[in-house]
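Take a look at the model below.

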Amino acid sequence: MKLLDLHISGFGKFHDRDLTFEDGLNIVYGKNEAGKSTLHTFIRSMLFGLERGRGRASKNDLYTRCEPWEDRAAYGGRLRIEQEGTIYRIERNFQKDKKSLTIINETLGREIEPTKAFMDKLLCGLNEISYNNTISIGQLKSATDGGMVAELRNYIANMNTTGSMALNITKATTCLKSRRKEFERQLDPEAARSYASLTGEIRNIEREISAPEYENQLQSYQHMREQVRSLLAEKQEERETLLQKIATGRQALDGAQFTDEASITSYRDETKGTYTEYQFARAACEKKSRTVLTVLLWILAVAAGVGTGLVAAATSGMLSGVPGLPGGSASSALIAASGLLTLLFAVAGTFLLMNQKRRKRELAYTGKLLQEVFSRHLGDSTISDEAMAAFEARMEEFIRLSQVLEKSEQSVKEQAAEIEALQARETSCDDVISQQQRTQWELEKKLDHLAHCKDQIEGLKQVLAENERIREEISAIDLALDTMTELSATIRDSFGLYLNKTASDLIAGITGGIYSSMSVDENLNVFMNTHTKLVPVDQVSSGTMDQIYLALRLAAARLIQEGHDQMPLIFDDSFVLYDDDRLRTALKWLAKAYDGQIIVFTCHQREAQMLTANRVPYHLIEI
């Protein structure tokens, strides 16, 4: 078989894309993320189909990762191939609800029904597992030498034992042996003894549960507890209602900044005293006679002062010519009397003036206090006798509220005592009920255990028959193991020798003659043969391991496809870890060793450059 061309309607990043292949060696070059692996997956999906996973696995499966980026309705394409001179066109739609497969024989111009027999012939005898493990080769797995050795041994073990990667006799044998051990663990040789022991235990339990202590009085005590709880709920509801009223009253008192009746009375009396002072100060400030008297006294003080000055002037001779003014000692006495009178008038006027100012300050201070009080309790700062009367009425309301709260708090204390007594009764009922419940729980446990023992006895009755069935299963497993061992030996004698011989021929070519052949011992230890010694595979370089692995896959591909056309050999960045010399040798060897079509996907240009330099014909495809 060879690939002719393909058309991608929609697959991953590709949309409406065509690609053509030719005979021989095809180099498909593209940079990283250009879509080489997507093309590789598209070819495999066109040949073997693409199924969607189920459940959570479908979120990240290959089907979901390959869905078209642009138009999901165009999920699919076509692939044209040629097999034994006949050209076929494979058309697939991968959409979940519109999945389809159509095969057209273009040579005869008719559609072919894709039966299993026809698909086996068309795909050269390969299924998808064989395809993935032989001719479809991704990047080789020599990341670590130990890992590659394990990969080689696993590959050789499967192929050498069964001739197919889809089968694994070693795993099947292990599974059967594990199953055999599981059956052996299920055998119960103590069934009869267990049956006798359970019978005696059942008799003891039946005797215990017939005792008087297990009589059920739970219902009567539960009824008594319900009555107590009902009465307790009523009392608690009454108490809660009273507490809410107390809280509301206390909130009103707290809002007015009162704590009890004494604080209210004290506040009221203090405010009344302030109001009395306010009235006295206002009356004093409103008297005009005081103001007139103050002015008169100051006038008299000024007049007396002027008189004193005149007398003093006359005494000093300044007014000696003024008739009627006294002289001598009489003048001195007159000056002293006039000065004293001036001082008395001035002191009296000052005293009256200071007293008037003090009354005004008292009036302003007491007025401000009363305005604050009336504003807080009456909502109006106006000072009047009516306001004072309303304030006193308001205080009387607070006093009555305080008295009611004291009585209510006393009632709450009494109710608390009643509730405590009811709670004690409820606790007593709970204790009795708990004891009854424990007794009934013990009884239920004994009954459950009794039922369990009876179930065990019923199960034990079937154990002997089950043991016999298990022994038959073990005998069947032993027969299967013997048969698989015989078949494995037969396959190893034929297929194993052929695989080793074919792989050895290929290894000699791909290693450039460094190793002449390969051999595998009975423990699946792999050795490379030189002209002088055997080299264990874990002692060769990682690059040589890659070459051995590649040779084994090609040998298996040849054997599996024997009697069929050879399918194209596909490499997907398989030579990334090859140095230039090893890559040059591998490419020249591939061109000669494989007669069919070869497709190499690569992100490097050195493959094409080496093929050109060595004049090896190839077809270059750039994506």
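This is a predicted model: local features need pLDDT of at least 70, side-chain atom pairs count only at pLDDT 80 or more; totals for chains, interfaces and linings use all residues.

Helices (H or I, at least four residues) and strands (E, at least two) are DSSP runs, numbered from the N terminus. Residues are numbered from 1 along each chain as its sequence is written, and side-chain values use heavy atoms, leaving out hydrogens and water.

Back to Q415. At a relative accessible area of 15%, Q415 is buried (buried means under 20%, exposed over 50% and partly exposed in between, with a 1.4 Å probe and protein chains only). Leaving aside residues up to four places away in sequence, Q415 touches E238, R239 and L242 (a contact means heavy atoms within 4.5 Å).

**Charged pairs**

Side chains of opposite charge can pair when their charged atoms come close. Here a salt bridge is a side-chain nitrogen of Lys or Arg within 4 Å of a carboxyl oxygen of Asp or Glu, and that rule gives a count of 30 salt bridges. Here are a few of them:

| Pair | N to O distance |
|---|---|
| R225 and D430 | 2.9 Å |
| E418 and K235 | 3.0 Å |
| R606 and D580 | 2.9 Å |

R225 and D430 meet in a salt bridge; R225 belongs to helix α8 (residues 218-255) and D430 to α12, so this pair ties together parts that are 205 residues apart in sequence. R225 is buried at 14%, whereas D430 is partly exposed at 21%.

**Around α15**

What does R606 pair with? Its salt-bridge partner is D580; R606 lies in α15 and D580 in α14, so they tie together parts 26 residues apart in sequence. R606 is buried at 18%, while D580 is partly exposed at 41%. Helix α15 (residues 606-613) has R606, E607, A608, M610 and L611 buried, and its buried residues pack against β3 (25-29), α14 (580-593) and β13 (598-602). After α15 comes R615, with a positive phi near 55 degrees.

**Strands**

Two strands pair if DSSP finds at least two bridges between them. An open sheet has 5 strands in the order β8-β12-β13-β3-β14, with parallel pairing. β8 (136-137) and β14 (619-622) are at the edges with a single partner strand each, so one side of each has no neighbour in the sheet. β8 joins β12 (residues 569-572) through 2 bridges, and I137 has F571 as its bridge partner in β12. In the loop between β12 and α14 you'll find D573, a non-glycine residue with a positive phi near 50 degrees.

Now for β4 (residues 76-83): 6 of its 8 residues are buried, so the rest of the structure largely encloses this strand. Strand β1 (residues 2-11) runs antiparallel to β4, joined by 7 bridges, with D5 partnering R80. β4 also pairs with β5 (residues 86-93), antiparallel over 8 bridges, and I81 stands opposite Y88 in β5. The hairpin of β4 and β5 has 2 residues between the strands, and E84 there takes a positive phi near 50 degrees. Is E84 buried or exposed? E84 is exposed, with a relative accessible area of 53%.
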